[in-house]
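Here is a short briefing on the fold, read from the atoms. Please keep the sequence and the 3D view open while you go through the points.

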Amino acid sequence: MFGHSRKGRLGVTATALALGVALVASGCSGTGSDDGGSGAEGGGGDANLAITFLPKNLGNPYFDTSNAGGEEAIEEFGGTYEEVGPTEASPTAQVSYVQTAAQQGVGALVISANDPEALCDSLDEARSAGVKVVTFDSDTNPECRDLFINQATAEGIAKAQIELISEQIGDAGQIAVLSASANATNQNAWIELMEEELAANHPDIELVEVVYGDDDDQTSFDKTAALLQTYPELKGIISPTTVGIAAAARYLSTSEYKGKVALTGLGTPNQMREYVEDGTVTSFALWNPADLGYLAAYAAQALITGEITGEEGDSFEAGKLGSYEVGEGAVVLLGDPFVFNAENIGEFDF
Ligand code: RAM
């Protein structure tokens with residue numbers, strides 16, 4: 001975890017690169033689609049605490065970690081955890097899983113959306129059937145869910161990445177973005193804000209292209225190779241996806257571009273460690289995915305039990321993370337992004 005710094009998050013604003021707290025390594029690992037709780041009836045009176053996590057895709061270590069955090073929370077409050085999801089992060093691939101969860105009559109669905117709109121019909125049906133819908137990591141349109149658990153402000157995430165690339169390339173030259181899937185709500189919001197930040201404060205950096213690796217390792221690897229071929233003057237790549245940045249780092253690490261073309265973005269320390277150690281990557285950012293899943297599970301519980309409805313100003317307890325408040329637009333904010341580099345990466349294990 002990012003430990004005690006998360007307690008009492010209320011009122012804390014995002015200062016992405018300035019976290020000075022002592023950080024403790026997280027021992028978060030593992031995932032699974034098994035039931036982790038002691039039954040839907042436990043812990044919450046007669047509340048239906050069966051909670052299903054639906055990531056963008058399975059097989060992504062980021063979601064393995066976030067969902068393990070969700071499972072930990074659900075075990076704490078005596079609910080039932082399940083994880084389901086598609087293998088491909090495509091806009092409609094999640095629909096059938098939403099429908100199945102609704103038919104099963106789960107208490108809540110916790111979902112990271114591959115598309116802001118494509119899931120809305122199925123989510124509407126699920127909600128009409130009494131399922132609480134919590135988005136986390138990547139939102140739907142706000143009217144399609146009860147709450148969004150946001151990992152950090154989109155502005156903070158965008159600024160952190162622009163600041164990193166700017167430092168790494170001397171604030172001038174061509175850069176490209178290697179994103180996740182083309183419709184991903186979270187990446188698209190961050191990219192838009194990164195473009196604004198470049199235009200406002202970095203006139204000598206030129207964003208030449210945004211390409212999409214679909215949160216698939218091989219596609220992301222191939223798109224990296226293509227970018228480097230197409231733009232021989234490229235100075236840097238930002239990949240705001242843990243899948244993309246790891247694949248791009250793997251490509252760069254054995255190529256002639258290693259140490260010459262900068263790479264930053266959003267990555268997990270475990271996936272990026274070898275590339276920081278071998279000098280392919282200097283620094284990158286992320287938040288704690290386990291805390292995000294943990295918070296989303298507690299938010300789902302609070303909705304199921306009626307402790308909150310998603311109104312602005314509602315507050316709830318999220319176990320070891322402390323107390324959180326629902327903000328404007330039914331959004332709950334986890335905290336700040338954090339920057340990993342050679343000095344601190346050894347302290348993290350997720
Ligand atoms: C990938 C996914 C996820 C995103 C992270 C940074 O794992 O696209 O949605 O939040 O990267």
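Four strands line up as an open sheet in the order S7-S6-S8-S9, with parallel pairing. This is a predicted model: local features need pLDDT of at least 70, side-chain atom pairs count only at pLDDT 80 or more, and totals for chains, interfaces and linings use all residues. Residues are numbered from 1 along each chain as its sequence is written. Helices (H or I, at least four residues) and strands (E, at least two) are DSSP runs, numbered from the N terminus. Two strands pair if DSSP finds at least two bridges between them.

- Axes here are lines fitted to C-alpha atoms, for helices over the stretch in contact, and angles run from 0 to 180 degrees between N-to-C directions.
- Seven bridges join strand S6 (residues 173-179) to S7 in the parallel sense. Gln174 has Glu206 in S7 as its bridge partner.
- Helix H7 (residues 242-253) packs on this sheet and touches S6, S8 and S9. The direction of H7 makes about 165° with that of S9.
- Helix H4 (residues 154-169) lies across S6, S7, strand S8 (234-239) and S9. H4 runs at about 165° to S9. Contact means that the C-beta atoms of two residues, placed from the backbone, lie within 7 Å.

**The six-stranded sheet**

- Six strands form an open sheet with parallel pairing, in the order S2-S1-S3-S4-S5-S13.
- The edges are strand S2 (80-83) and strand S13 (331-333); each has a single partner strand, so one side of each is left without a neighbour in the sheet.
- The twist averages 20° from one strand to the next.
- Strand S4 (residues 132-136) and strand S5 (residues 147-150) pair in the parallel sense over three bridges. Phe136 stands opposite Ile149 in S5.
- S5 also runs parallel to S13, joined by three bridges. Asn150 has Leu333 in S13 as its bridge partner.
- In a regular strand the side chains alternate between the two faces of the sheet. Both faces of S5 are covered: Leu147 and Ile149 are buried on one side, Phe148 and Asn150 on the other. Buried means 20 or more other C-beta atoms within 10 Å of a residue's own; exposed means 12 or fewer, and partly exposed lies in between, with C-beta atoms placed from the backbone.

**The core and helix H9**

- The largest nonpolar core has 103 residues. Such a core is a set of buried Ala, Val, Leu, Ile, Met, Phe, Trp, Tyr and Cys residues joined through C-beta atoms within 7 Å.
- Helix H9 (residues 289-305) gives the largest share of this core, twelve residues.
- Of the 17 residues of H9, 16 are buried, so the helix is largely enclosed by the rest of the structure.
- Just after H9, Gly306 takes a positive phi of about 85°.
- Leu109 is among the core residues with the most contacts inside it. Not counting residues up to four places away in sequence, Leu109 touches Thr52, Leu54, Val98, Ala101, Ala126, Val131 and Val133.
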